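Please read this briefing alongside the sequence and the model.

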Amino acid sequence: MRTPKSVTALAAAAALTAFAAGCGTSPADAGKGGSGQITVRIPDPGNSGVLAVGKKDGSLDKALAKVHAKVEWTGSAGPFAPAAQAMNANQLDIATGSITSGITSLTQTPGFKFFTATAPDGAGEGILARKGSGIDSVGDLVGRKVAVNQGGTGEYLLLKALAAHHIPASRVERVHLRPDQTAAVFNSGKVDAWAVWATYSVAELGTGKAKFIATGKQIGSDNYSLTAVRTAFADQHPEVVRALYDYLHTASAKEKQDPAAYLNVNTDAGPQALTGAAKAAQVAITRQGGTVEPVTRADIERFEDVARFYAEQKVTEKTVDIAAHVLDVEKLS
């Protein structure tokens, strides 16, 4: 069941190819739109979140117009690793991901920097098991198969949980799968548990057939969510990065106060929509979550701890330098 690294690499390459095809913008076109406007390329946000609302009601366009910028929605939001590759290739300007996937992306030759941080989602991320499976605690994972996304949130959560319970990582089999392909494998019983975050856990919790045996909060997760910007774009257009931060900061605070208003933005039916117990779970998770903030010195220290943990666990070959890839957004104008 362990996915070979070559398969994972091919999947990532395929995702990047599809993403780049969706961009429809060549490097020569990047930066300026018509009438002197700056174009900022952002993955399409889909059916939920502050960017989905901002796209639909025009509030993001209005905020960016003040700095002579506009959004070009490209591809669709997904894993950070292919988005990081797209930024490195000058096919994307902004992307969001976890510090864990950010660290593994920084092991390459990064062409991006982080400029926002959102506190870990202690309620929405964790390790899922099927009810009635006999897996009720982290200790029950010994000798079992756990689905994780390689080098990202899932692998971090599993390793963090095992370390917290003094269980050698070798005693649990990590099955490397893409998160968007894991639900069917998990529900068929081909893996025993799934280390995952809210994007995917909410749907499973909503079925009533799965439960967290450990949440991010319970295992002491420092898995911050970050927003990254292509380095060259930030150097050329710092005022646009600052305007985008200001929008995200204000909108995320509104989302926390009224989570339901940021769900089912475009449709309340179909696979993109959340209904019933899944919707209620997402509302509760968002209310407990953080807001988009600047990256502080204390945040960087936490990120450095995660980087050291990844090196100790052999996820990365060495400890990644985080501080060198952070922008102080409050100094941008």
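The points below are grouped by topic.

This is a predicted model, in which local features need pLDDT of at least 70 and side-chain atom pairs count only at pLDDT 80 or more, while totals for chains, interfaces and linings use all residues. Residues are numbered from 1 along each chain as its sequence is written, and side-chain values use heavy atoms, with hydrogens and water left out. Helices (H or I, at least four residues) and strands (E, at least two) are DSSP runs, numbered from the N terminus.

**The sheet**

- Five strands form an open sheet in the order β8-β7-β9-β6-β10, with mixed pairing; two strands pair if DSSP finds at least two bridges between them.
- The edges are β8 (173-176) and β10, each with a single partner strand, so one side of each has no neighbour in the sheet.
- On average, neighbouring strands of this sheet are turned by 30 degrees against each other, direction ignored.
- Strand β6 (residues 126-130) pairs with β10 in the antiparallel sense over 5 bridges, and Ala-129 stands opposite Lys-211 of β10.
- Strands β7 (residues 145-148) and β9 (residues 193-196) run parallel and are joined by 2 bridges; Val-146 has Ala-193 in β9 as its bridge partner.
- Strand β10 (residues 210-215) is largely enclosed by the rest of the structure, because 5 of its 6 residues are buried (buried means under 20% relative accessible area, exposed over 50% and partly exposed in between, with a 1.4 Å probe and protein chains only).

**Helix α8**

- Helix α8 (residues 198-206) lies across β6, β9 and β10 and runs at about 135 degrees to β10. Axes are lines fitted to C-alpha atoms, for helices over the stretch in contact, and angles run from 0 to 180 degrees between N-to-C directions.
- α8 also packs with α12 at an angle of about 135 degrees, with the axes 7 Å apart.
- That makes α8 oblique to α12, where angles under 35 degrees count as roughly parallel, over 145 as roughly antiparallel, 65 to 115 as roughly perpendicular and the rest as oblique.
- Ala-198, Val-202, Ala-203 and Gly-206 in α8 meet Ala-277, Ala-278, Ala-281, Gln-282 and Ile-285 in α12, contact meaning heavy atoms within 4.5 Å.

- Asn-264 is not a glycine, yet has a positive phi of about 50 degrees. Asn-264 sits in the loop between α11 (238-257) and α12 (276-288) and counts as buried at 15% relative accessibility.
- Lys-314, also not a glycine, has a positive phi of about 65 degrees. Lys-314 lies in the segment after α13 (297-312) and is exposed, with a relative accessible area of 70%.
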